[in-house]
Amino acid sequence: VGGVTINRDDIVREDDPANNVPDSVFTKIGLQLHNRENHPLGILKNEIHSYFDERFGGEFKKFDDLSPIVSVKANFDDVLVPADHVSRRMNDTYYVNSETVLRCHTSAHQAEKLREGHTHFLVTGDVYRRDAIDATHYPVFHQMEGFRVFTKEDWEAAGVDGTTHASNDLKATLEGLAERLFGKVEMRWVDTYFPFTDPSYELEIFYQDKWLEVLGCGVVEQEILNKNGRAGTVGWAFGLGLERLAMVLFSIPDIRLFWSSDQRFTGQFKAGQRTKFKSFSKFPPCYKDISFWISDKFSENNLCEVVRGIAGDLVEEVVLIDEFENKKKGLTSHCYRIAYRSMERSLTDEEINDLQVGVWIAVEYTFSRGNRS
Ligand code: PHE
């Protein structure tokens with residue numbers, strides 16, 4: 001990655017309690033789907049790059065080969081994520097060790113690029129988050145970060161204060177981007193919160209009868225500029241999820257498809273072309289239920305990771321279908337329904353049963369506190 005060789009044993013350390021990177025995630029590092037020019041994520045990235053080049057005449061520097069293994073400082077502290085913020089928990093983020101994580105957003109590179117002297121940049125890369133399993137969530141996905149710095153001359157020439165100037169430019173730039181990607185659509189700006197921007201917004205567009213969240217953005221917190229060599233300037237930043245947009249633009253129904261090496265998927269996309277995915281034969285799902293007493297080691301993210309560790313991309317969804325509390329014993333049991341489905345072939349009963357036994361054993365091993373369900 002970025003010209004660096006990564007050793008599995010440095011990243012997946014079963015002996016380090018501060019490490020929670022499973023093999024299934026480690027094997028995704030370095031695949032760089034966003035750098036494949038005939039892949040929907042690469043096609044989308046290049047289209048956004050073209051938009052910026054046309055609008056800003058090549059002023060924005062592009063980075064798409066930065067290592068996803070970053071310091072806790074870069075991922076959280078440098079972008080002012082509070083010490084007690086939920087995103088820092090081991091339940092939400094992949095830790096390589098207590099000081100190193102798999103970046104959970106491309107904002108991890110804001111401070112570093114500022115310190116290197118950049119004032120206009122786009123950073124695209126794979127990001128990693130522990131999460132539930134369903135058609136739109138996968139532990140690895142791709143983001144693009146945008147960042148622009150303004151000087152006093154810029155906002156004085158416009159006759160407004162710095163924050164207003166940055167905010168106006170941000171909105172105009174991103175409305176232009178949304179129009180480029182989605183055509184003339186209804187858009188709305190929703191106020192939100194990010195630790196690294198103020199004010200902060202989400203852009204939503206009305207597309208295919210629904211409001212779709214396109215990106216998060218805002219005017220950069222002054223402290224980030226001050227601490228990284230740009231005191232006296234004002235900036236904007238945005239971050240967008242490439243899968244979320246590509247699923248809509250290319251009609252891709254399941255986020256796992258982006259990782260498919262099946263010719264029937266990869267063969268459908270060509271650089272520079274925005275085509276609609278035609279689903280090849282849909283294989284039937286197979287449902288299996290599992291119920292167990294939950295212990296304090298339990299979280300839904302942990303469960304999803306255990307299931308993914310056994311069944312990999314054959315898991316389509318894990319949903320809670322029933323909950324039962326034994327008040328006397330002070331115990332709660334959960335029943336989850338696991339949907340298994342391959343994008344590429346029909347699964348046999350035997351292999352699903354084997355997987356389910358494997359999942360059952362792994363769940364018992366991981367969460368049990370001596371209770372049998
Ligand atoms: N990092 C934010 C996220 O992952 C997105 C964002 C980037 C928001 C830059 C504001 C500015 O959700």
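A: Let's start with a term: a salt bridge is a side-chain nitrogen of Lys or Arg within 4 Å of a carboxyl oxygen of Asp or Glu. This is a predicted model, in which local features need pLDDT of at least 70, side-chain atom pairs count only at pLDDT 80 or more, and totals for chains, interfaces and linings use all residues. Residues are numbered from 1 along each chain as its sequence is written, and side-chain values use heavy atoms, with hydrogens and water left out.

Q: How many salt bridges does this rule give?

A: Side chains of opposite charge can pair when their charged atoms come close. Here the count comes to 28 salt bridges.

Q: Which residue forms a salt bridge with R115?

A: That partner is D78, with the closest N and O atoms 3.8 Å apart. R115 lies in helix α5 and D78 in the loop between α4 (72-75) and β3 (95-97), so the pair ties together parts 37 residues apart in sequence. Helices (H or I, at least four residues) and strands (E, at least two) are DSSP runs, numbered from the N terminus.

Q: Is D78 buried or exposed?

A: Buried means under 20% relative accessible area, exposed over 50%, and partly exposed in between (1.4 Å probe, protein chains only). D78 is buried at 15%, whereas R115 is partly exposed at 48%.

Q: Where are K152 and E156, another pair to look at?

A: Both lie in helix α6 (residues 152-158), four residues apart, about one turn of the helix.
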